[in-house]
Amino acid sequence: MPIRTPFAKLLLSLAVVGALSACTTKEIASVEEPVATPMSGQTNDPAPGFEKVAAGSEEDFILNVGRRVYFAQDSATLDSVAMATLDSQAAWLTRNPTWLIKLQGFSDDSGSTTKMETLSQKRADAVMAYLATKGVDTSRMWAKGYGKDRDVRDCAERSCKVQNRRVVANLRTERDAT
């Protein structure tokens, strides 16, 4: 039955507004959302949801230090950005001496399989050598080059391929079998 009078439309609108205003989600929201930790406004404030990451944990390393460094095409030379990340990694590893670190080197698809495997190993070795110069004991580290077999992204664009030219530092509690 259609509503024909303006008064009836007004009453219907008020009824809908009244019904909606009676609804509240405060109880549900307080259960679903954790209370936000007060932020100081500093750039090193933890990301929401990561306030309780334990110092010295693998999550701490990943979130607060960074575990990837990138390389130019056909190069195993560390640039200033990579060295800054590695300086942070070395400092963190010095503070947390129980962790071992596996350095995994990768490449893009810009050459033969053999060439890319060799290059990815050189990249991992370069990272290991740099960390050693910063005081990380070489007995805590090992390096493995994987070539182009483990792409982050399968792409043809130059800006995309850089994501595959990397070394990833993975924390371990013991050495891998191989």
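How many helices and strands does the protein have? The protein has six helices and four strands.

**Figure 1. Overview of the predicted model.** This is a predicted model in which local features need pLDDT of at least 70 and side-chain atom pairs count only at pLDDT 80 or more, while totals for chains, interfaces and linings use all residues. Residues are numbered from 1 along each chain as its sequence is written, and side-chain values use heavy atoms, with hydrogens and water left out. From the N terminus on, the elements run α-α-α-β-α-β-α-β-α-β. Helices (H or I, at least four residues) and strands (E, at least two) are DSSP runs, numbered from the N terminus. Of the 178 residues in the protein, 31% are buried. Buried means under 20% relative accessible area, exposed over 50%, and partly exposed in between (1.4 Å probe, protein chains only). The accessible surface comes to about 11,700 Å², and carbon and sulfur atoms account for 56% of this surface. Accessible areas come from the Shrake-Rupley method with a 1.4 Å probe; for residues, only the protein chains shown count as cover. Among contacts between residues at least 6 apart in sequence, 73% join residues at least 24 apart; contact means heavy atoms within 4.5 Å.

Figure 2. Asp60 is placed in helix H3, which covers residues 58-64. Asp60 is buried and has no salt bridge. A salt bridge is a side-chain nitrogen of Lys or Arg within 4 Å of a carboxyl oxygen of Asp or Glu. The nearest side chain of opposite charge is that of Arg95, 5.6 Å away; Lys and Arg count as positive and Asp and Glu as negative, and His and the chain ends are not counted. The side chain of Asp60 makes a polar contact with the side chain of Trp92 at 2.7 Å. The side chain of Asp60 also reaches the backbone nitrogen of Gly56 at 2.9 Å. A polar contact is a pair of N or O atoms within 3.5 Å; within protein, one must be able to donate a hydrogen and the other to accept it, and residues adjacent in sequence count only if both atoms are side-chain atoms. Leaving aside residues up to four places away in sequence, Asp60 touches Val53, Ala54, Ala55, Val65 and Trp92.

Figure 3. Strand S1 (residues 68-70) contains Arg68. Arg68 counts as partly exposed because its relative accessibility is 37%. The C-alpha atoms of Arg68 and Val168 are separated by 4.6 Å, although the two residues are 100 apart along the chain. Val168 is also among the residues that Arg68 touches, together with Thr85, Gln89 and Val167, when residues up to four places away in sequence are not counted.

**Figure 4. The aromatic pair Phe106 and Tyr146.** A search of the whole structure finds two aromatic pairs. In one of them, the ring centres of Phe106 and Tyr146 are 5.5 Å apart and the planes lie at 20 degrees, so the pair is stacked. Rings of Phe, Tyr and Trp (its six-membered ring) pair if their centres lie within 6.5 Å; planes under 30 degrees apart count as stacked, over 60 as edge-to-face and the rest as tilted. Phe106 lies in the loop between strand S2 (100-105) and helix H5 (113-133), and Tyr146 in the loop between strand S3 (141-145) and helix H6 (158-161), 40 residues apart. Phe106 is buried, with a relative accessible area of 4%. Tyr146 is buried as well, at 13%.

Figure 5. The structure holds five salt bridges. One of them joins Lys115 and Asp74, whose closest N and O atoms are 3.7 Å apart. Lys115 is in helix H5 and Asp74 in the loop between S1 and helix H4 (80-95), 41 residues apart. Lys115 is partly exposed at 43% relative accessible area, and Asp74 is partly exposed at 41%. Lys134 and Asp87 meet in a salt bridge of 3.8 Å, N to O. Lys134 lies in the loop between H5 and S3 and Asp87 in helix H4, so this pair ties together parts 47 residues apart in sequence.

**Figure 6. The network of Lys102, Arg172 and Asp176.** Lys102 forms a salt bridge with Asp176, with the closest N and O atoms 2.7 Å apart. Lys102 is in strand S2 and Asp176 in the segment after strand S4 (166-172), 74 residues apart. Salt bridges that share partners join Lys102, Arg172 and Asp176 into one network. Lys102 counts as buried at 8% relative accessibility, whereas Asp176 counts as partly exposed at 24%.
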